[in-house]
Amino acid sequence: MTNKTSGHSVDSVESDGHRTLGEAQRNTGRSPSEALIRAALARAGVLALRIIGPPGSGKTELIEATLKGYPAPRRVAVIAVDPASVREAERLQNRCGFVAHLDSAVPDPAAIWRIISQLRLEDFDFILIEGCGGMAPLKDVGQDATAAVLAVSGGDDKALEYHTLLESASVILLTKIDVRHLVKFNEHIFRNDAQAIAPEAQIIELSAVTGSGMHCWLEWLDKTRTAKKWRDVPIDPEQSSGNTFFG
Ligand SMILES: Nc1nc2c(ncn2[C@@H]2O[C@H](COP(=O)(O)OP(=O)(O)O)[C@@H](O)[C@H]2O)c(=O)[nH]1
Ligand SMILES: [Mg+2]
C-alpha cells in the first residue's frame, strides 16, 4: 500500500477522541469493521462514497472530473482500489487533499480503516473510494452511498450483466455519453434493466471528458452530503450495517 498525502497533517483517530481499532477489538472482540469507519466519518461530518464499476467504465476519469468541478477540491480524499491505479493516484494527488492507493481490485474494510484512521477527518467533506466491481463480490467499507459507473461504450446490456453492482447502487452514472453516436446503445433497454434492478437509484448521464451532465452529478453529491444526519450514527459497531443512508 502506498499512501500519498499533500498539505494535511496526519493525526491518529485516537488523538481525535475516536474509538481506535485496538480499543474496539478489546471491547467487542470483533475484527476491524466497516462500522468503525462509519462512526468516525459521521462524527467528523464526512460522506464516504463508494464508486464502483467494471474496469474501463470511467471511474478514475469521473473522480478527476469531480475534483475539477468541486469547489473546494482539497477537502476531498480519494482511495483508489485497483491494481493498476498507482499511476492514476499520482495523477489525482495534485487535485485533492489526500490520495491513497491499494493493490487490490475490491475495497477491503480493514485496509480502508487503516487509511482513514490516519486522517484528520475534519479536514474533509468527502472520501471517494474507487473499486472494481462485477467480478468479485463487493464488501461493505463503511460507505454512506454507492455510485455504480457504467459506460455507453460497454453496450446497453451492461445493467443486466452487472446487476450485482446495480443492486447496491444509490445512483447510477451512465458515462461516456460523448461517444454514444459511435456505438450501438439502446437507452430504453439500459434504463428498463437498471430501473428493474435498482428502482430507487437515480440515473445520471454524463461525460467526464466533455463535462456534459457533470453538474447533475455534483448536485447529487452536494444534496447527498447535506442529507446525511451528522453525529447520529451509533458508535456501537453492532448497530450499523450497509449503506448508512442510501441504497
Ligand atoms: N470519451 C470519453 N472517454 C472516457 C470518459 N470517461 C473515461 N473515458 C476514457 O475511458 C478510459 C478508461 O477510463 P478510466 O477512468 O481509467 O476507467 P476505470 O478503469 O473505470 O477507472 C480512459 O481512456 C478514459 O479517458 C468519458 O466520459 N468520455
Ligand atoms: Mg481506475
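Helices (H or I, at least four residues) and strands (E, at least two) are DSSP runs, numbered from the N terminus. This is a predicted model, where local features need pLDDT of at least 70, side-chain atom pairs count only at pLDDT 80 or more, and totals for chains, interfaces and linings use all residues. Residues are numbered from 1 along each chain as its sequence is written, while chains are lettered from A and ligands numbered from 1 in the order in which they are written.

**View 1. The shell around ligand 1.** Helix 3 (residues 59-69) gives the most to this shell, with 3 residues. A residue is near a molecule if its C-beta atom, placed from the backbone, lies within 6 Å of it. Among the 15 residues around ligand 1, those that come nearest are Gly58, Lys59, Thr60, Glu61 and Val209.

**View 2. Leu36 in helix 2.** Here you can find Leu36, a residue of helix 2. Leu36 is buried because 29 other C-beta atoms lie within 10 Å; the cut-off for buried is 20 or more, with exposed at 12 or fewer and partly exposed in between, using C-beta atoms placed from the backbone. Leu36 and Val141 are 105 residues apart in sequence, yet 9.7 Å apart in space, C-alpha to C-alpha.

**View 3. Ile79 and its contacts.** Leaving out residues up to four places away in sequence, Ile79 touches Ala100, Leu102, Ile112, Ile115, Ile127, Ile129 and Glu130. Two residues are in contact if their C-beta atoms, placed from the backbone, lie within 7 Å.
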